[in-house]
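The notes are grouped by topic and follow the display.

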Amino acid sequence: MTGTEKKRLEYAVGDIVRLKKQHPCGSAEWKILRVGADFRLKCEGCGHQMMVPRKMVEKNTRGLRKAEAPQS
């Protein structure tokens, strides 16, 4: 892999993404509610929801935590 190539993250509904900038409530973690050309994100701090273009999420992602598998 060269310096210009980036590993593409696999985003899925239920994952928690940490973004570059914090929300005004102080949280930088967002739960993914919808994946597509746009993402629907829910702030883990205050519950605010917003639609964001995929390109913006990919550019500003600083970490991705996969959703926990349901236990039986």
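This is a predicted model: local features need pLDDT of at least 70, side-chain atom pairs count only at pLDDT 80 or more; totals for chains, interfaces and linings use all residues.

Leaving aside its neighbours within four places in sequence, which residues is Val52 in contact with? They are Asp38, Phe39, Leu41 and Val57.

- An open sheet is formed by 5 strands in the order β4-β3-β2-β1-β5, with antiparallel pairing.
- The edge strands, β4 (49–53) and β5, each pair on one side only.
- From one strand to the next, the twist averages 35°.
- Strands β3 and β4 pair in the antiparallel sense over 5 bridges.
- Asp38, one of the contacts of Val52, stands opposite Pro53 in β4.
- Strands of a sheet pair through backbone hydrogen bonds, and the pairing can be parallel or antiparallel.

**The nonpolar core**

- The largest nonpolar core has 10 residues in all: Tyr11, Val17, Leu19, Trp30, Ile32, Phe39, Leu41, Cys43, Val52 and Val57.
- Two or more residues of this core come from each of β1 (16–19), β2 (29–34) and β3 (38–43).
- The most is given by β3, with 3 residues.
- In soluble globular proteins, nonpolar side chains tend to be buried together.

**The aromatic pair**

- In the whole structure, a search finds 1 aromatic pair.
- Tyr11 and Phe39 form this pair, which is edge-to-face, at 5.2 Å centre to centre and with 80° between the planes.
- The pair links distant parts of the chain, since Tyr11 lies in the segment before β1 and Phe39 in strand β3, 28 residues apart.
- Both Tyr11 and Phe39 are buried.

**Around Thr61**

- Thr61 belongs to strand β5 (residues 61–65).
- Thr61 has a relative accessible area of 12% and is therefore buried, the cut-off being under 20%.
- The side chain of Thr61 makes a polar contact of 2.9 Å with the side chain of Tyr11.
- A polar atom of the Thr61 side chain also lies 2.5 Å from the backbone oxygen of Val57.
- Not counting residues up to four places away in sequence, Thr61 touches Leu9, Tyr11, Val17, Arg18 and Leu19.

Technical notes
Residues are numbered from 1 along each chain as its sequence is written. Side-chain values use heavy atoms; hydrogens and water are left out. Helices (H or I, at least four residues) and strands (E, at least two) are DSSP runs, numbered from the N terminus. Buried means under 20% relative accessible area, exposed over 50%, partly exposed in between (1.4 Å probe, protein chains only). A polar contact is a pair of N or O atoms within 3.5 Å; within protein, one must be able to donate a hydrogen and the other to accept it, and residues adjacent in sequence count only if both atoms are side-chain atoms. Contact means heavy atoms within 4.5 Å. A nonpolar core is a set of buried Ala, Val, Leu, Ile, Met, Phe, Trp, Tyr and Cys residues joined through side-chain atoms within 4.5 Å. Rings of Phe, Tyr and Trp (its six-membered ring) pair if their centres lie within 6.5 Å; planes under 30 degrees apart count as stacked, over 60 as edge-to-face and the rest as tilted. Two strands pair if DSSP finds at least two bridges between them. Axes are lines fitted to C-alpha atoms, for helices over the stretch in contact, and angles run from 0 to 180 degrees between N-to-C directions.
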